[in-house]
Amino acid sequence: ALDPRCDRRAGDVLINKRMASAFFETNLRSLLQFHRIDTLVVTGGSTSGCVRATVVDGLSCGFRVIVPQEAVADRHETPHYANLYDMAVKYADVLPVAEVLAGLTAMPGD
């Protein structure tokens, strides 16, 4: 079940994933390309698992990837911060949530 705090809209797409990366055996890449999306904001509850796998695959598919640092978590602090550091160095822009939200607010449309 989805968290009732999620503000889902009628046109929102729900993708059920079975593996760590949201790209693996899903139509996510095709959907993003169809809509000419070039940037991803990745959040989630397993920094060292699903978040990292999706970030690496997103970059490998040619997307700019952003990780809001307060919007990801892990079971233990050490792997959480180690993976945030590694993603920031190699794969993604790891930014404060306030900076990500400011960037989204400045975007046209919606």
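# A short briefing on the chain and its helix 3

Leu-95 is buried, with a relative accessible area of 19%; buried means under 20%, exposed over 50% and partly exposed in between, using a 1.4 Å probe and protein chains only. This is a predicted model, where local features need pLDDT of at least 70, side-chain atom pairs count only at pLDDT 80 or more, and totals for chains, interfaces and linings use all residues. Residues are numbered from 1 along each chain as its sequence is written, and side-chain values use heavy atoms, leaving out hydrogens and water.

**The whole chain**

- The chain holds 4 helices and 3 strands, where helices (H or I, at least four residues) and strands (E, at least two) are DSSP runs numbered from the N terminus.
- Along its principal axes, the C-alpha trace spans about 40 × 35 × 30 Å.
- Of the 110 residues in the chain, 26% are buried.
- Among contacts with a separation of 6 or more, 69% join residues 24 or more positions apart; contact means heavy atoms within 4.5 Å.

**Leu-95 in strand 3**

- You can find Leu-95 in strand 3.
- Leu-95 and Val-67 are 28 residues apart in sequence, yet their C-alpha atoms are 6.2 Å apart in space.
- Leaving aside neighbours within four places in sequence, Leu-95 is in contact with Ile-66, Val-67, Pro-68, Gln-69, Glu-70 and Val-100.

**Helix 3 and Asp-86**

- Helix 3 covers residues 77–90, which makes 14 residues, and reaches 20 Å from its first C-alpha to its last, close to the 20 Å expected at 1.5 Å a residue. That expected span is 1.5 Å times one less than the number of residues.
- The buried residues of helix 3 are His-80, Asn-83, Leu-84, Asp-86 and Met-87.
- Those buried residues pack against helix 2 (47–60), strand 2 (64–68) and strand 3 (93–95).
- Asp-86, found in helix 3, is buried with a relative accessible area of 15%.
- Not counting residues up to four places away in sequence, Asp-86 touches Arg-52 and Tyr-91.
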